[in-house]
Amino acid sequence: MVQTPASPEIETLLIELPKSIGLYVTQEQFAALAAANRDLRLERTAKGELIVNPPTGWETGRRNWNISGELYLWWRNAGEPGKAFDSSTGFILPNGATRSPDASWVSGERWEALTLEQKGTFANICPDFVVELRSSSDTLKSVKDKMREYIDNGARLGWLINPQQRRVEIYRPDKDVEVLENPGELSGEAVLPGFVLNLRRVWD
């Protein structure tokens with residue numbers, strides 16, 4: 001369902017879209033939709049298909065909060081390197097998709113290389129580090145496809161955290177996906193030196 005607020009220029013429309021029908025928008029249309037629907041989490045595929053993600057349940061919200069909180073603490077204690085972002089941030093990837101990882105980080109060097117226009121509302125960059133937390137409404141294929149898309153577009157490290165199975169998939173460029181069963185913690189490796197995520201805060 002896509003809803004836009006009423007105004008003298010805009011009429012509220014409620015549209016029920018069957019899953020077999022895709023709604024395609026340009027980058028400009030997507031930006032306008034996002035500005036008019038700030039309470040919705042919207043994404044856009046590289047082909048232009050609009051994705052409307054429902055609000056998360058309390059369990060996913062709590063897990064997201066803990067992951068973003070741990071990333072923030074690392075960022076502060078490490079001297080605030082680069083830029084860290086929460087799940088409300090959208091990025092325009094090199095392939096044209098607009099994606100919102102559940103948590104992400106961009107190196108200072110890459111961020112400062114962007115022009116003001118490239119930073120815009122949705123920065124034209126793929127984060128160096130991304131986290132996707134699978135919720136009960138996500139299919140495993142859809143989140144795996146997003147992780148591959150991040151890596152193909154420049155991410156250097158990605159974590160797909162699957163609390164339903166207590167499994168983590170680690171994505172790196174030019175390497176096979178590493179699968180961990182019920183790990184206790186995750187390392188930011190050379191991408192985020194010193195960052196360790198205690199998964200007890202996610203599993204419990």
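Gly79 follows helix H2 and has a positive phi, near 95°. Helices here are DSSP runs of H or I with at least four residues, while strands are runs of E with at least two, both numbered from the N terminus. This is a predicted model, in which local features need pLDDT of at least 70, side-chain atom pairs count only at pLDDT 80 or more, and totals for chains, interfaces and linings use all residues. Residues are numbered from 1 along each chain as its sequence is written, and side-chain values use heavy atoms, leaving out hydrogens and water.

Let us step back into helix H2 itself. H2 covers residues 58-77, and its 20 residues should span 28 Å at 1.5 Å a residue; the expected span is 1.5 Å times one less than the number of residues. The end C-alpha atoms of H2 are 28 Å apart, which agrees.

Several H2 residues are buried, among them Thr60, Ile67, Leu71, Trp74 and Trp75. Buried means under 20% relative accessible area, exposed over 50%, and partly exposed in between (1.4 Å probe, protein chains only). What covers the buried residues of H2 includes strand E3 (83-85), strand E7 (129-133) and helix H6 (200-203).

Now turn to a hairpin. Strand E1 (residues 41-44) and strand E2 (residues 50-53) run antiparallel, joined by 4 bridges; two strands pair if DSSP finds at least two bridges between them. Glu43 has Ile51 in E2 as its bridge partner. The hairpin has 5 residues between E1 and E2, and Gly48 in the turn has a positive phi of about 100°.

Gly48 also leads us to Leu23: their C-alpha atoms are 8.2 Å apart in space, with 25 residues of separation in sequence. Leu23 lies in the segment before helix H1 (27-36) and is partly exposed, with a relative accessible area of 31%.

Note on methods:
Contact = heavy atoms within 4.5 Å.
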